[in-house]
Amino acid sequence: MNRVVVSGCGNVYRNLTLETRLLRQLHDKECILYLWVNDRTIVLGSSQCPWLECRPKECQSQGIAIARRPSGGGAVYQDRGNLNFTFITDADGSSTLDMKLFCEPVVRTLAALGVRAEVNGRNDITIDGKKFSGNSQYLRQGRVMHHGTIMFDSDLSVVGEALRVDPTKIQTKGIRSVRSRVTNVAEHLPERVTLPEFRRILLENILRENPGEEYPLTPDDLAAVEKLRTERYATWEWNYGKSPACTMLRRSRVDGCGLIEAYITVEHGLISVVAFKGDFFSAEEPEELAARFVGHTTDRAGYTAAVEGVEARTRCTSAA
């Protein structure tokens, strides 16, 4: 290990940006270890839709950020009870991804603390069959970036709620997260250990086998991180606009009118098609109303803008 970077910031957009900065400035034959903790956040894989993986409106009201990483894999919930670790190194000419190589230091650290963990066949690390760590990798210009999460003492009630969505209401060309039973590392430790203590123990174990020194960020690093954060990672265009096409179903039964279903197709974060279906009768062509939504966002502000100036009527008759 040549360089170690420990972030003291909880802002996910800054932390993701710093990770990319470290990847770009990696020297030949060098290895970087980066440790970081985020405030309440849902981090999406590069090919995922936020509307499929979480509930953006509820997340916003609860102060949960939504961010997108450049690597693949599934969506994860993170908070101050979750430790992120990143290895950045040469790919040595390989075009394949080796998850286990970078997960083993976590397994060995837990073994030293009296906990038996395993790397499973996909990209997870588990304890007694329950997932506590998800991992993903990213190859770029001969370099590999492996990052993983360690649910050490996260709020599991929020994990289930923030990532829960009805799978029958949405279809997508993106990648669905694989839902697994989850657990916190802290629940399995024979003696109480805080997350900062665990981070120190993990770092000591890694450096024992691969010596390295902490790298202080320079003014140039900080300026570059801020620039990329504002231009990419903190933008709507990156976190929502990069989403693959998906179609959502919204359904409601209106008294005296009937069942109304709205199939909403979203591309690049904006509505591209709306189709109204159901057993309702309409005094006017529903296609005219549907066309008004095209080009708007799928939130209250977008819907409000779409129907601005439209007179609301309840005069309709249910089908027999």
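Rings of Phe, Tyr and Trp (its six-membered ring) form an aromatic pair if their centres lie within 6.5 Å, and the pair is called stacked if the planes are under 30 degrees apart, edge-to-face if they are over 60 degrees apart, and tilted for the rest. With that in mind, select W51, W236 and Y240, which ring pairs link into a cluster.

Before going further, please note that this is a predicted model, in which local features need pLDDT of at least 70 and side-chain atom pairs count only at pLDDT 80 or more, while totals for chains, interfaces and linings use all residues. Residues are numbered from 1 along each chain as its sequence is written, and side-chain values use heavy atoms, with hydrogens and water left out.

**The whole protein**

Show the whole protein as a cartoon, and you will find 10 helices and 15 strands; here helices (H or I, at least four residues) and strands (E, at least two) are DSSP runs, numbered from the N terminus. How much of the protein is buried? Buried residues make up 46% of its 320 residues, where buried means under 20% relative accessible area, exposed over 50%, and partly exposed in between (1.4 Å probe, protein chains only).

**Aromatic rings**

A search of the whole structure finds 8 aromatic pairs. Select Y34 and W36, whose ring centres are 5.3 Å apart and whose planes meet at 15°, so this pair is stacked. Y34 is buried, with a relative accessible area of 0%, and W36 also counts as buried, at 3% relative accessibility. Return now to W51 and Y240, which form a tilted pair with 5.9 Å from centre to centre and 55° between the planes. W51 lies in helix α2 (residues 50-53) and Y240 in the loop between α8 (236-239) and β13 (246-254), so the pair ties together parts that are 189 residues apart in sequence. W51 is buried at 10% relative accessibility, and Y240 is buried with a relative accessible area of 18%.

Next, look for charges over rings, which are counted if NZ of Lys or CZ of Arg is within 6 Å of the ring centre and within 35 degrees of the ring normal. R232 lies over the face of W238, at 5.1 Å from the ring centre, and the charged end of K277 sits over the ring of Y263, 4.8 Å from its centre.

**The sheet of 8 strands**

Select the open sheet of 8 strands, which has mixed pairing and the order β7-β8-β9-β10-β6-β2-β1-β12; two strands pair if DSSP finds at least two bridges between them. Its edge strands are β7 (118-119) and β12 (213-214), each of which pairs on one side only. β7 and strand β8 (residues 124-127) pair in the antiparallel sense over 2 bridges, and the bridge partner of E118 in β8 is T126.

**A residue inside strand β9**

Which strand holds S133? Select S133, and you will find it in strand β9 (residues 130-140), where, at 0% relative accessibility, S133 counts as buried. S133 touches F85, N123, D124, I125, T149 and I150, not counting residues up to four places away in sequence, and contact here means heavy atoms within 4.5 Å. A polar atom of the side chain of S133 lies 2.6 Å from the backbone oxygen of T149.

Finally, select strand β14 (residues 258-267), which is mostly covered, with 7 of its 10 residues buried. β14 pairs with β13 in the antiparallel sense over 9 bridges, and R251 stands opposite E261 in β14. In the hairpin of β13 and β14, which has 3 residues between the strands, G256 takes a positive phi near 80°. On to strand β15 (residues 270-278), which runs antiparallel to β14 and is joined to β14 by 8 bridges. These two strands, β14 and β15, form a hairpin with 2 residues between them, and H268 in the turn has a positive phi of about 55°.

Technical notes
Polar contact = N/O pair within 3.5 Å; in protein donor to acceptor, adjacent residues only side chain to side chain.
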